[in-house]
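Look at the structure, then read on.

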Amino acid sequence: MTGTDLVLRGRRFGPEHPVVMAVVNRTSDSFYAAARYDDDGADAAVARAESEGADLVDLGGVRAGRGPEVTVAEEIARVVPLVGRIRRRHPDLLVSVDTWRAEVARAAADAGADLLNDTWAGHDPELVEVAAERGLGVVCSHTGGLAPRTDPFRVAYPLPADAPADADPRDGVLLDVLDTLRTAAARAVALGVPAESVLVDPTHDFGKNTWHSLHLVRRTEALVGLGHPVLVALSRKDFVGETLDLPPEDRLEGTLAATALAAWHGARVFRAHDVRATRRTVDMVASIRGDRPPARATRGLL
């Protein structure tokens with residue numbers, strides 16, 4: 001299954017062009033130290049991401065996990081001026097803002113954002129309304145019901161009582177994710193966001209343990225079946241680290257392995273700290289799939 005095309009700001013991305021979303025965090029406490037940027041560092045990170053093949057940059061002003069409180073005003077101050085600078089200096093680069101707050105989303109839309117990355121599964125129901133009103137794309141996510149900035153603890157996703165006797169017992173998490181994303185995407189479309197601008201993200205690690213996240217990578221094709229572009233945010237996450245017993249700075253190879261599998265099964269958008277490596281990985285997978293021609297193919301012909 002090749003997945004659904006993504007359309008943002010009138011630009012269509014088909015299977016021949018996997019979309020790389022670069023992570024640029026305006027925080028001092030991101031779990032991955034190399035992705036923490038002040039103003040000058042963030043500007044340089046955006047320029048570097050574009051030069052390494054990013055199509056989209058995802059700007060975050062609040063650490064996903066536990067940490068000091070960040071007010072709405074502070075989050076806006078961290079990310080919205082950067083949105084404006086990117087729009088002026090990098091007109092071809094698409095801009096996403098990682099927020100669960102409608103107030104931040106409105107300010108980002110005013111500054112020129114193209115996508116709202118709601119990683120907390122509609123905690124603020126007005127956020128998707130902002131996307132519809134302002135003509136932006138939106139990411140629908142799954143957290144298993146967790147509130148923003150909370151961590152999972154002994155979460156379980158049992159199979160429903162009416163599941164077939166031969167059902168994979170690991171599919172409990174998949175079915176919960178599919179149900180949540182299907183409902184959220186349908187609401188976004190009903191409000192007026194085009195289906196091809198509604199991304200669905202299984203949101204690995206959020207409200208999940210390592211077994212759950214591994215299974216969701218394995219079952220990416222089922223997510224593609226929802227009929228929306230699938231975004232995967234796998235980069236250096238804890239499920240990679242726990243699987244290989246590695247700290248964040250040593251998780252690149254594991255990330256790329258998971259990325260390649262998700263790409264093969266039809267994921268279209270890849271949120272990444274390591275843009276160049278991710279670009280090369282997903283382009284190679286697209287070419288193996290037959291969706292993207294080689295950059296050159298002269299061996300045996302000249």
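Arg-11 sits in strand β2, residues 11-13. Strands (E, at least two residues) and helices (H or I, at least four) are DSSP runs, numbered from the N terminus. This is a predicted model: local features need pLDDT of at least 70, side-chain atom pairs count only at pLDDT 80 or more, and totals for chains, interfaces and linings use all residues. Residues are numbered from 1 along each chain as its sequence is written, and side-chain values use heavy atoms, without hydrogens and water.

Beyond its neighbours within four places in sequence, Arg-11 is in contact with Leu-6, Asp-92 and Leu-94 (contact: heavy atoms within 4.5 Å). Arg-236 lies in the loop between β9 (231-233) and α8 (238-244).

Buried means under 20% relative accessible area, exposed over 50%, partly exposed in between (1.4 Å probe, protein chains only).

| Residue | Relative accessible area | Burial |
|---|---|---|
| Arg-236 | 4% | buried |

A polar atom of the Arg-11 side chain lies 2.6 Å from the backbone oxygen of Asp-92. The side chain of Arg-236 makes a polar contact with that of Asp-274, at 2.9 Å. A polar contact is a pair of N or O atoms within 3.5 Å; within protein, one must be able to donate a hydrogen and the other to accept it, and residues adjacent in sequence count only if both atoms are side-chain atoms.

The largest nonpolar core has 63 residues. Such a core is a set of buried Ala, Val, Leu, Ile, Met, Phe, Trp, Tyr and Cys residues joined through side-chain atoms within 4.5 Å. Helix α5 (residues 171-191) gives the largest share, 7 residues.
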